[in-house]
Amino acid sequence: MSSLADLINLDLSDSTDQIIAEYIWIGGSGLDMRSKARTLPGPVTDPSELPKWNYDGSSTGQAPGDDSEVIIYPQAIFKDPFRRGNNILVMCDAYTPAGEPIPTNKRHAAAKIFSDPSVVAEETWYGIEQEYTLLQKDIKWPVGWPVGGFPGPQGPYYCGVGADKAFGRDIVDSHYKACLYAGIDVSGTNGEVMPGQWEFQVGPTVGIAAADQVWVARYILERITELAGVVLSLDPKPIPGDWNGAGAHTNYSTKSMREDGGYEVIKKAIEKLGLRHKEHIAAYGEGNERRLTGKHETADINTFLWGVANRGASIRVGRDTEKAGKGYFEDRRPASNMDPYTVTSMIAESTILWKP
């Protein structure tokens, strides 16, 4: 008699060429992830080979009940670390039956920016540092924290080792390996300053692919926390008080910035970002005002400043970039719950296309 684990791990390639494709899309809150599976006749390597599909938008807050059909268009394919074999994860975006992007589809507008010839020529690179907090399921309190109480002050937890400092490492390492298996450009992970909080990094990745990969990495993480019986939080300030918030620092460079003389290009780009500070803050995540206070390695939300090696700045330039005279910079303003399609495309638009 097969066990449940045996059936979950069943290798379909022994008996059929058919595969399972898990279609993923973003729900009505703009942050919740939804997915459903379908059978396909054989392996697929390109999104253009996949059929469009539909779902009930009235059940996700994205359509009225009397006209509920929303169409999802496959945009990016990843190997499925849960079913493995030739099975795939498919990142989609959502449209009306008439072909118009629905309001929560931020990918469509981002794709227009990333397909602009001026942006294409600059080969925009992104490295996104996704911070998150793991919560105990029934009480929504960080893992490792005493129920109704607090751990010791911050200090020993950042990149910490030990049962009294690192809470949830099994989830973190499972996620790391699953992302590598899926084909995501995950470049590292570490424990964060607040206990129960972690970070993974995606990149360097070019253009809109960086945003696709962050969304799918979030999906994989939520699936793993589902298996582990804990809750994933992307709240930018999950615990009030003297505890670090959670961000999604976005490292960015263009071809011009990476070439000789790039430091001057970087400074001009930062100046542009400063001129559009309010517009960027408005698009950089909900609840960010609770995080960007000028404390806990942040700049105040109403202030724009940049500096070399300054983690209390809006934009940080690394010492290596200053020394080499070329490289990249880090936008430290995005919240952990930001939409990567919006943030990556907005940075490209402001630094390449926008004319003050």
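# A guided tour of the chain

Begin by selecting tyrosine 95, which is buried because its relative accessible area is 6%, below the 20% under which a residue is called buried. The model on display is predicted. Tyrosine 95 lies in strand 5, which covers residues 88-95. Show next the residues around tyrosine 95, leaving out those within four places in sequence: its contacts are Val70, Ile71, Tyr73, Gln75, Glu100, Pro101, Ile102, Asn105 and His108. One of these, asparagine 105, stands 10 residues from tyrosine 95 along the chain, and 7.6 Å separates the two C-alpha atoms.

**The whole chain**

Now zoom out and colour by secondary structure. The chain contains 10 helices and 13 strands. Its radius of gyration is 21 Å, close to the 21 Å that the globule rule gives for 356 residues, so the chain is as compact as a globular protein of that length. The C-alpha trace spans about 60 × 50 × 40 Å along its principal axes.

How much of the chain is buried? Of the 356 residues, 51% count as such. Contacts also show how the chain folds back on itself: among those between residues at least 6 apart in sequence, 65% join residues at least 24 apart.

**Threonine 124**

Select threonine 124, in the loop between helix 3 (117-122) and strand 6 (125-136). Is this residue buried or exposed? Threonine 124 counts as buried because its relative accessibility is 2%. Apart from neighbours within four places in sequence, its contacts include Phe114 and Val119, then Thr205, Val206 and Gly207. Further along the chain, threonine 124 also touches Tyr252, Ser253 and Thr254, together with Ala348 and Ile352.

**Charges and salt bridges**

Colour the charged residues next. Side chains of opposite charge can pair when their charged atoms come close. How many salt bridges does the structure hold? There are 14, and the following stops show several of them.

Select arginine 107 and aspartate 212, whose side chains form a salt bridge with an N to O distance of 2.9 Å. This pair links distant parts of the chain, since arginine 107 belongs to helix 2 (residues 107-114) and aspartate 212 to helix 5 (residues 208-228), 105 residues apart. Both residues are buried.

Move to aspartate 235 and arginine 290, which meet in another salt bridge, at 3.1 Å from N to O. These two also connect distant parts of the chain, 55 residues apart: aspartate 235 is in the loop between strand 9 (230-233) and strand 10 (248-253), and arginine 290 is in the loop between helix 8 (277-283) and strand 11 (306-308). Aspartate 235 counts as partly exposed because its relative accessibility is 27%. Arginine 290, at 36% relative accessibility, is likewise partly exposed.

Then select arginine 333 and aspartate 331, a salt bridge in which the closest N and O atoms are 2.9 Å apart. Arginine 333 and aspartate 331 are both buried.

For the last stop, select Glu22, Asp80 and Arg83 together: salt bridges with shared partners join these residues into one network.

Terms used:
Residues numbered from 1 in each chain as written. Predicted model: local features only at pLDDT ≥ 70, side-chain atom pairs only at ≥ 80, totals over all residues. Heavy atoms only, no water. Salt bridge = Lys/Arg side-chain N within 4 Å of Asp/Glu carboxyl O. Helix = DSSP H or I, 4+ residues; strand = E, 2+ residues; numbered from the N terminus. Buried < 20%, exposed > 50% of the residue type's maximum accessible area, 1.4 Å probe, protein only. Rg over C-alpha atoms; globule rule 2.2 N^0.38 Å. Contact = heavy atoms within 4.5 Å.
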